[in-house]
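This report covers salt bridges, sheets and nonpolar cores. Please keep the sequence and the model in view while reading.

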Amino acid sequence: MSDDDGTLLVTLDHGEIRVGPEKSGTSVRIASADAGDLQMLRDLLTEQLGAHGLSPSWEGASAGRQPANLSIARVVEILDLSPSYRRVVLDGPDLARFAHGGLHFRLLFGPEGAGWPEVNERGVTQWPGGPGSWHRPVYTTRDIVCRGEAATLSFDVFLHEGGRVTEWTNQVQPGDEIALTGPGGENGQRDAQWRAFVGDETALPAIARMLAAAPDSLQGEAVIFVPEQADIRSLSHPKGVNVHWLLRSSGETPLDALSAMTLPQTSRHVFFAAEKAEALSARSILMDRGLAKGEFVAATYWTQS
């Protein structure tokens, strides 16, 4: 949207960006009600502008401080939930913000011996060793108990051979330090009276979180794929949502389950999460069935190498 004075206003989920003329140049101003979202916008715009040879310096920058969207936590407990899933419990002085906003966060794994990221004199997050040397996998906040700004946060890991986080859970000990950024991503809330949830093994934590937070009046279907019978567990969910568990050994795929699902014509929403190629196919299937973009989410949770 452009104002009469030539200012361009871009409104985002987490804030706004204003670009306009100022003296002999151009000003870029960002605003957000949340300090973490403001830092995220600074970093994102710096990266985008850097691709065009520009290096912004943000007003109010204070070098050496912890980025507002980054939290340092301690591992409290590691629990084996089933053959394929492990729960990690964290505690930290500023984790309460993960109770709101998106369902997801990123764990931070940097180069050996590197310190945690800090903000530089330009107001931008500085990654020791460079951002490309950091592994930042996305996980779902499964449960959180707040104590003021502090909180205890739990997340579940799908265990698989060669997974860096799987290996980390094999050796991490209570008391070890870990950093995370967020929250972000899908918030899981919809006004639809009927909802479907279809996901592979990696989507179980997100679907479980959304089902637990859904209103009691919700109607719908949930189809969740797991590797083994012992991975099936009791989930909190509205009585009107039918939860179906399918084993990978059945030969059926998440796309098969999605295609076979009967969808109502109104007040509906579909959440699908799986491998990248499956998510792209799910998008096509749902659009071919007449769903508008606001009536579904088809999320990529991993990519086949």
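Is Arg-86 buried or exposed? Arg-86 counts as buried, because its relative accessibility is 13%. Buried means under 20% relative accessible area, exposed over 50%, and partly exposed in between, with a 1.4 Å probe and protein chains only.

The model is predicted: local features need pLDDT of at least 70, side-chain atom pairs count only at pLDDT 80 or more, and totals for chains, interfaces and linings use all residues. Residues are numbered from 1 along each chain as its sequence is written, and side-chain values use heavy atoms, with hydrogens and water left out.

**Arg-86 and its surroundings**

Arg-86 lies in strand β5. Helices (H or I, at least four residues) and strands (E, at least two) are DSSP runs, numbered from the N terminus. The Arg-86 side chain makes a polar contact with the side chain of Asp-80 at 2.6 Å. Another polar contact joins the side chains of Arg-86 and Thr-169 at 2.8 Å. A polar contact is a pair of N or O atoms within 3.5 Å; within protein, one must be able to donate a hydrogen and the other to accept it, and residues adjacent in sequence count only if both atoms are side-chain atoms. Asp-80 counts as exposed, at 56% relative accessibility.

Beyond four places in sequence, Arg-86 touches residues including Ile-78, Phe-155, Val-157, Leu-159 and Asn-170. Contact here means heavy atoms within 4.5 Å.

**Salt bridges**

The whole structure holds 11 salt bridges. A salt bridge is a side-chain nitrogen of Lys or Arg within 4 Å of a carboxyl oxygen of Asp or Glu. Among them are these:

| Pair | N to O distance |
|---|---|
| Asp-80 and Arg-86 | 2.6 Å |
| Arg-233 and Asp-156 | 3.6 Å |
| Glu-295 and Arg-268 | 3.3 Å |

Glu-295 and Arg-268 form a salt bridge. This pair links distant parts of the chain: Glu-295 sits in the loop between α5 (276–288) and β17 (296–302), Arg-268 in strand β16 (residues 268–275), 27 residues apart. Both Glu-295 and Arg-268 are buried.

Salt bridges with shared partners join Arg-87, Arg-142, Asp-156 and Arg-233 into one network. Arg-87 lies in strand β5 (residues 85–92). The side chains of Arg-87 and Asp-156 make a polar contact at 2.7 Å. Leaving aside neighbours within four places in sequence, Arg-87 is in contact with residues including Glu-77, Arg-142, Ser-154 and Arg-233.

Arg-233 forms its salt bridge with Asp-156. Arg-233 lies in the loop between β14 (219–226) and β15 (241–247) and Asp-156 in strand β11 (residues 150–158), so the pair ties together parts that are 77 residues apart in sequence.

**Two sheets**

Two strands pair if DSSP finds at least two bridges between them. β1 and strand β2 (residues 15–22) pair over 5 bridges. Leu-12 has Gly-15 in β2 as its bridge partner. Axes are lines fitted to C-alpha atoms, for helices over the stretch in contact, and angles run from 0 to 180 degrees between N-to-C directions.

Another open sheet has 5 strands in the order β15-β14-β13-β16-β17, with parallel pairing. β15 and β17 each have a single partner strand, so one side of each is left without a neighbour in the sheet. The twist averages 10 degrees from one strand to the next. Strand β13 (residues 194–199) and β14 pair over 6 bridges. Phe-197 stands opposite Ala-222 in β14. α3 packs on this sheet, touching β13, β14, β15, β16 and β17; its direction makes about 160 degrees with that of β13.

**Nonpolar cores**

The largest nonpolar core has 23 residues. Such a core is a set of buried Ala, Val, Leu, Ile, Met, Phe, Trp, Tyr and Cys residues joined through side-chain atoms within 4.5 Å. Residues with the most contacts inside it include Phe-197, Leu-211 and Phe-271. The elements giving two or more residues are α3 (204–213), β14, β15, β16 and β17. α3 gives the most, with 6 residues. Leu-211 is in contact with Phe-197, Ala-222 and Val-243, among others. Apart from this core lies another, of 22 residues, among them Phe-98, Ile-144, Phe-155 and Ile-178.
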